[in-house]
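The sequence and the model are shown first.

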Amino acid sequence: MSRDAKYAETGAREAATGSTALATKTKPDADTDAPADADDEPATDPLSWLPLSGGAKKAAEWISVVLAIWLLLNAVGMIGAGFKMAAGDQAKELFSFAENPFVGLAVGILATAIMQSSSTTTSITVGMIAGGLPLEVAVPMLFGANIGTTVTSTLVALGLSGNKQQFHRAFSMATVHDFYNLLALAIFFPLEIFTGFLSKVSGVFAGSLAGEGDGVLAGIFDAIGNGVDAITEPLVNLATLIVSPLGDVWGGIVLAVGGVALILVVIGFIGKMLSALLVGRAQEMLHAALGRGPVTGILSGAVITTAVQSSSTTTSLTVPLAASGKFKVKELFPFVVGANIGTTITGLIAAFSASGVEAESAMQGALVHTMFNVFGALVIMSLPFLRAIPPKGADWLATMADKNKWYVFLWVGGVFFALPLLAVLITNVFF
């Protein structure tokens, strides 16, 4: 039996039993199972309480996913409508504190690290753009969302700290994502600040994708946008009517906060449902794709993350795989690069809920996030000296963590909290 077939069979068996433990020649280590079992435990199915089984249960699960996506679109619309009510024409003044791009970057990092979902941060940001938030303020927030989401895998790796060898491999796998995103940020953040490269490129396509341009493509996306408006406007208008007695400012705040709360609930639900529905297949695809080169790994990561709508879920799957020793970090590295690309679909979906003059700006913001990840993959993965940096950096940090676990907490606290605050402090003092 070939290696790929063997791994595919192993993935299918794990999905069937609800266990993500990877068999080794020795007795399986309990710590190795811990982080993966947390994601694949059948009890995490939000619809486990339904008295259904078989095909009826599957149908109900897929219908619930469709309804959740509908609610996600409505939630983004509520944020945009609420932000527009509260801010009016003063959106730029309201977010003047974030005009410094480092402040916007810090907001994106901190928000995503706390909420543990870059999809949530990008959806909220796109909704705010639709409500009048200036694009130059929003773009650094979208960059920050990429950094904040990587803390999940780092925390998952801590579950393997009882076994030194497994922890080294797991922590190295977790932090390779950190180093990659930091490297992409180091390349494209200054480029965007000084040239507006991504904003300009995304602006070329945003009009057509938002249905504001001419031609067949614009007509197709205009029809999609009109369809989204048709299914979201009734609920958004109803919510707006309910809060209108509070006045524009407080009514808008309540509407926007309600949209944020709904996004938090809905994205969590979608992630759990799609993980329960697709994680077994996702693992089979992962096993089949690894070892066939970086392009296949990137495509697999993008496809699987688009399916489960959670880069945290897909990248966390790689931690126990690396810990088992079955795969090297270099083999798994392209997969997490692809996960970065796949997670951007949520922002693009959210952008379709925008309408009016802000629709093009919302689409442009979503495209900036997508292009940041696509161009980052093209530049870093195509240049050998850049491609080697994340694995080497992750291995160095894992070696330091082997000596003292405090390096783990210093890394998490430094990258995801102290560094953003320090950047804000320095820029406020010297600029």
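## Residues in their surroundings

Threonine 343 counts as buried, since its relative accessibility is 3% and buried means under 20% relative accessible area. The model is a predicted one. Threonine 343 sits in the loop between α15 (329–342) and α16 (345–351). With neighbours within four places in sequence left aside, threonine 343 is in contact with Ser118, Ser119, Thr305 and Ser311.

Helix α15 also contains valine 336, a residue that counts as buried at 1% relative accessibility. When neighbours within four places in sequence are left aside, the contacts of valine 336 are Met173, His177, Thr315 and Thr318.

Aspartate 178 belongs to helix α9. Is aspartate 178 buried or exposed? Its relative accessibility is 1%, so aspartate 178 counts as buried. Residues up to four places away in sequence not being counted, aspartate 178 touches Thr150, Thr154, Trp411 and Phe416.

| Pair | Separation in sequence | C-alpha to C-alpha distance |
|---|---|---|
| Threonine 240 and methionine 85 | 155 residues | 9.2 Å |
| Isoleucine 270 and leucine 72 | 198 residues | 9.5 Å |

Threonine 240, from the table, is placed in helix α11 (residues 216–243). Its relative accessible area is 22%, so threonine 240 is partly exposed. The side chain of threonine 240 reaches back to the backbone oxygen of valine 236, at 2.8 Å. Not counting residues up to four places away in sequence, threonine 240 touches Ala81, Met85 and Leu255.

Isoleucine 270 lies in helix α12 and counts as buried, with a relative accessibility of 7%.

## The salt bridge

How many salt bridges are counted? The count comes to one. The partners are lysine 57 and glutamate 61, whose closest N and O atoms are 3.5 Å apart. Both residues lie in helix α3 (residues 54–87), where they are four residues apart, about one turn of the helix. Lysine 57 counts as buried because its relative accessibility is 14%. Glutamate 61 likewise counts as buried, at 5% relative accessibility.

## Nonpolar cores and a surface patch

The largest nonpolar core has 77 residues, and Phe143, Phe171 and Met363 have the most contacts inside it. Helix α9 (residues 164–195) gives the most to this core, contributing 13 residues. Apart from this core lies another, of six residues, including Met78, Val236, Val243 and Leu255.

Which residues does phenylalanine 143 touch, not counting residues up to four places away in sequence? They are Leu105, Leu185, Phe188, Phe189, Glu192, Leu198, Val368 and Phe372.

In soluble globular proteins, nonpolar side chains tend to be buried together. On the surface of this model, however, there is a nonpolar patch formed by Leu246, Val249, Trp250, Ile253, Val254 and Val257. Together these residues have about 580 Å² of accessible area. Valine 257, one of the patch residues, is placed in helix α12 (residues 248–289). Its relative accessible area is 51%, so valine 257 is exposed, given that exposed means over 50%. Helix α12 thus holds both exposed valine 257 and buried isoleucine 270.

## The chain as a whole

The chain has 20 helices and zero strands. Of its 431 residues, 53% are buried. The accessible surface of the chain comes to about 18,500 Å², and carbon and sulfur atoms account for 69% of this area. Among contacts between residues at least 6 apart in sequence, 80% join residues at least 24 apart.

How values were computed:
Residues numbered from 1 in each chain as written. Predicted model: local features only at pLDDT ≥ 70, side-chain atom pairs only at ≥ 80, totals over all residues. Heavy atoms only, no water. Helix = DSSP H or I, 4+ residues; strand = E, 2+ residues; numbered from the N terminus. Buried < 20%, exposed > 50% of the residue type's maximum accessible area, 1.4 Å probe, protein only. Contact = heavy atoms within 4.5 Å. Areas by Shrake-Rupley, 256 points an atom, 1.4 Å probe, with all protein chains shown as cover. Polar contact = N/O pair within 3.5 Å; in protein donor to acceptor, adjacent residues only side chain to side chain. Salt bridge = Lys/Arg side-chain N within 4 Å of Asp/Glu carboxyl O. Core = buried A, V, L, I, M, F, W, Y, C linked by side-chain atoms within 4.5 Å. Patch = residues over 30% accessible without salt bridge, like charges linked within 9 Å, V, L, I, M, F, W, Y side chains within 5 Å.
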